[in-house]
Amino acid sequence: MTSRAGNNAPDRDEVMAWVEGVAAFCVEEWGLPPITGRILGLLMICDPPERSAGEIADVIQASRASLTSNMRFLTAVGLVRKVRVPGDRTAYFRIEDDAWQKVIQRKLDSLGRFDAIAERGLMLTGADGPGAERIHNAQRSLTWLRNIANDHPLGP
């Protein structure tokens, strides 16, 4: 991988191993396709932080069609944005500085939505019915996690 920043570029093989580690994490933890994780990994580590679709495809060895659909997804969910350079017709992409905060906040928000589901479950089982204790345990665990996040908010 070439760097436009100068001679202090990290070793390409090491960078690609790291990108693959990000991809594996995204697959295992979030069920995303490997290419999505590779895009995120590359955009986190590249210098300068913007890359064209062609550059991304070349580095991660992806087809343009697959890359395009994944870039659309990452842009739609707000993790990656398109950047234009004055005088250059090429569109570049960069990961949002707060991308990981957005991912975590979405996860926390989804935990809050579980409360309504749990309440409906308790209405079905009754406060002491079968499954009620498991539902209460899930609520307590998710409330605990949300409280930790609220006590230690993510910031810039």
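This is a dialogue about how terms are applied in a predicted model.

Trainee: Why is Arg94 called buried?

Mentor: Its relative accessible area is 16%. Buried means under 20%, so Arg94 qualifies.

Trainee: Why is Asp97 called exposed?

Mentor: Asp97 has 70% relative accessibility. The cut-off for exposed is over 50%. Asp97 therefore counts as exposed.

Trainee: What makes Asp97 and Arg94 a salt bridge?

Mentor: Their closest N and O atoms are 3.6 Å apart. The limit is within 4 Å, between a side-chain nitrogen of Lys or Arg and a carboxyl oxygen of Asp or Glu. The pair Asp97 and Arg94 therefore meets the rule.

Trainee: What makes Glu50 and Arg94 a salt bridge?

Mentor: The closest N and O atoms of Glu50 and Arg94 are 2.8 Å apart. That distance is within 4 Å, so the pair counts.

Trainee: Which parts of the chain does the pair of Glu50 and Arg94 tie together?

Mentor: Glu50 lies in the loop between helix H2 (34-45) and strand E1 (51-52). Arg94 lies in strand E3 (residues 91-95). The pair therefore ties together parts that are 44 residues apart in sequence.

Trainee: Which residues are linked in a network of salt bridges?

Mentor: Glu50, Arg94 and Asp97 are linked that way. Arg94 pairs with Glu50, and Arg94 also pairs with Asp97.

Trainee: What makes Glu133 and Arg140 a salt bridge?

Mentor: Their side chains meet at 2.9 Å, N to O. The cut-off is within 4 Å, so this pair counts too. Arg140 is partly exposed, at 46% relative accessibility.

Trainee: How many salt bridges does this rule give?

Mentor: The count comes to seven.

Trainee: Why is Ser141 called partly exposed?

Mentor: Ser141 has 44% relative accessibility. Buried needs under 20% and exposed needs over 50%. The value for Ser141 falls in between, so partly exposed is the term. Ser141 sits in helix H6 (residues 132-151).

Trainee: What about Thr90, and where is it?

Mentor: Thr90 is in the loop between strand E2 (80-84) and E3. Its relative accessibility is 32%, so Thr90 counts as partly exposed. Thr90 and Arg51 are 39 residues apart in sequence. Their C-alpha atoms are 9.7 Å apart in space.

Trainee: Why is Gly21 called partly exposed?

Mentor: Gly21 is at 40% relative accessibility. That value lies between the 20% and 50% cut-offs, so the term holds. Gly21 is in helix H1.

Trainee: How do you know that the lining of the largest pocket has six nonpolar residues?

Mentor: Go through the names. Trp30, Leu32, Phe73, Val77, Leu79 and Val103 are in the lining, and Trp, Leu, Phe and Val count as nonpolar. Arg106 and Lys107 are in the lining as well, and Arg and Lys count as charged. The lining therefore has six nonpolar, two charged and no polar residues. The volume of this pocket is about 200 Å³.

Trainee: Which element gives the most to the lining of the largest pocket?

Mentor: Helix H5 (residues 99-125) does, with three residues.

Trainee: What makes the phi of Gln61 worth a note?

Mentor: Most residues other than glycine have a negative phi. Gln61 has a positive one, near 55°. Gln61 is found in the loop between helix H3 (53-60) and helix H4 (64-76). At a relative accessible area of 71%, Gln61 is exposed.

Trainee: What kind of peptide bond joins Asp47 and Pro48?

Mentor: A cis bond, with omega about 5°. Most peptide bonds are trans. Pro48 lies in the loop between H2 and E1.

Methods. Residues are numbered from 1 along each chain as its sequence is written. This is a predicted model: local features need pLDDT of at least 70, side-chain atom pairs count only at pLDDT 80 or more; totals for chains, interfaces and linings use all residues. Side-chain values use heavy atoms; hydrogens and water are left out. On a 1 Å grid over the protein atoms alone, a cavity is a set of points where a 1.4 Å probe fits but cannot get out, and a pocket is an open set with protein on both sides within 12 Å along at least five of seven lines; lining residues have an atom within 4 Å of a point. Grid points are joined across faces, edges and corners, and a volume is the space filled by probe spheres set on the points. Helices (H or I, at least four residues) and strands (E, at least two) are DSSP runs, numbered from the N terminus. Buried means under 20% relative accessible area, exposed over 50%, partly exposed in between (1.4 Å probe, protein chains only).
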